[in-house]
Amino acid sequence: MMSAGKKEPADIVIKNGRIVDVFSGELLETNVAITDGFIVGLGNYEGRETINAHGKVVSPALIDGHVHIESSMLTPGAFAGVLAAHGVTAAVTDPHEIANVLGAGGIRFMLERAAQAAIDIYVMLPSSVPATSFEHNGATLHAEDLEPFFQYERVLGLAEVMDFPAVLNCDPLMVDKLLMTAKHSWRIDGHAAGLDADGVNVYKTAGIRTDHECVNPEEAKERLSRGLYVMIRQGTVAQDLPQLIGLVNENNSRRFLFCTDDKYPDDLIDEGSVDHNVRLAIRSGIDPVSSIRMASLNAAECFGLRTKGAIAPGYEANFLLLDDLETFSISKVYNHGKLVSENGKPIVYDKAASAKAAEHPLVLPPLSSGRLSIAIGPSQKANVIEIIPNSLVTRRTVEKVPIENGCFSFAEGKDFLKLAVIERHKGLGTIGLAIVSGFGLKSGAIATTVAHDSHNLVVTGCSDEDMIAAAERLKELQGGMVVINHGKVVAELPLPIAGLMTDDPARKVAAKLRDLRDAATALGASETFNPFLTLSFLSLPVIPDLKLTDTGLFDVRSFSHIPVAAD
């Protein structure tokens, strides 16, 4: 208050910059005063320290509205360093990946590591652990397991509600979570993939306020008209911004925000986080200030982060110095008035790495070609999972597939591979089998224990022998990613924390991911999409059309299992 009233000098004054005013949509020629990490005034101020922003644009720092840190395979501290380098000083994360493996212990691990990070990481409590009842995961979380986490300051609400039938049918366990959240928070995220307008009505009535699963303007319009915020997602697989950004206009732009959802560290390092969304929006013709507002103030207001998202008195001093507004080139990044990144390099990494993840040994059943056989009838017709490049959605097709001795068989020149999801948490021995098209693999096998959302082991390949070798190697590593050819390891990335993450630094993980992708490409995998991230989503039975769980082939439209053979 003393600094705001000019009765004493501010800690810092930013001078000679053009200020992005996300309230008026204008650029202001003024100075910014900062004290104790907060902006205390715009205008003529004296300060103990001066930041000369000559020729720069001063923008609010960015917020990722929905992200799964585990999908980066980095711990929160390393993840925070990458985001800081890209102008993101706050992220809203849903730790349902690690919770599906380790339960409440996984959430505690993420909260403790997040508290040590260089940016502000907020948590939405996982709503669907397990994601559905049609698969096996590592843990189950009910309302009574989640409620104690509301004592944490950084816990905001309930994360993406994926189990729409549970909401529609007023399943008591889901109702308990919704009512529990209502006692502590009004923030509930949605996951309305494939829902029609009537389904969105149910979601909104249940208190769900956002959706990040819109893939076309029609879906986004239905959600906007029912009062939901629409998160425009641009991740490694799901890249929805080009399809949605044309819907944004002067009348509705305040109801959009940006998110990445799932993005690999190599893409985060090379391409960026939601700063990439901002640049794409500007290139698509959206006003630069409106683009920045979607990534800052809109996101802050959506989640009730009342002191974030703007350069104005009473707001946290989270800001960027931009070389150029049109290209959104970031020179420096400040969080709470402290420099956290300069010229694309983070200044602060993990403060400590004291929180240890609980052990979760990977348990697989005995594997043999007999366990991986897929019987196909005389017509040779099968229900096939068809990959749509750079999309979480797949197509259900009926195809004539090659067979040998009455079972599906890989054949050169035919883009059909065997796909297996193997339960890895409790030694249940369940294995789901399917046929997938679109990978392009001509030899070898690829496998991963990052397999949304139950995170069993998923493997695809051209021979049972290589698929088994890949699974066995991941058992030796206790989780990770691997490329196998003719029984030999070509490339691998160990992920010893729940089979999902590693304490290795971001650039080392990114380098190993590039090696994995290069190895898969050398075996014929398509270069138009990331084969490992695509593989990891083929086991997610809440996104249309056809997916595979450890209990079998799953039709998301009918929400039921179907046989592989289509006779």
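These notebook entries record what I looked up in a predicted model.

**Entry 1**

I began with the open sheet built from four strands, whose order is 5-4-1-6 and whose pairing is mixed. Strand 5 (38-42) and strand 6 (47-52) are its edges; each has a single partner strand, so one side of each lacks a neighbour in the sheet. On average, and ignoring direction, neighbouring strands here are turned by 25° against each other.

I then examined the pairing of strand 4 (residues 32-35) with strand 5, which is antiparallel and runs over four bridges. Which residue of strand 5 stands opposite Thr35? I found Phe38 in that position.

**Entry 2**

For Val57, I recorded Leu322 in strand 16 as the bridge partner.

**Entry 1: cysteines**

How many disulfides does the structure hold? I counted zero. A disulfide is a covalent bond between the sulfur atoms of two cysteines. For Cys214, the nearest cysteine sulfur belongs to Cys259 and lies 10 Å away. The cut-off for a disulfide is 2.5 Å between the sulfur atoms, and Cys214 is accordingly in no disulfide.

**Entry 2: helix 14**

I checked the length of helix 14 (residues 464-477) against expectation. Its 14 residues, at 1.5 Å a residue, should span 20 Å, and the C-alpha atoms at its ends are 20 Å apart, so the two values agree.

I then listed the residues of helix 14 that are buried: Asp464, Asp466, Met467, Ile468, Ala469, Ala470, Ala471, Leu474 and Leu477. What covers these buried residues? I noted several strands, including strand 24 (416-422), strand 26 (445-448) and strand 27 (457-461). Strand 28 (480-485) and strand 29 (488-494) also belong to this cover.

Finally, I looked at the residue that follows helix 14, Gln478, and recorded a positive phi near 60°.

Conventions
Residues numbered from 1 in each chain as written. Predicted model: local features only at pLDDT ≥ 70, side-chain atom pairs only at ≥ 80, totals over all residues. Heavy atoms only, no water. Pairing = 2+ DSSP bridges. Axes fitted to C-alpha atoms, helices over the stretch in contact; angles between N-to-C directions. Expected span 1.5 Å × (residues − 1). Buried < 20%, exposed > 50% of the residue type's maximum accessible area, 1.4 Å probe, protein only. Contact = heavy atoms within 4.5 Å.
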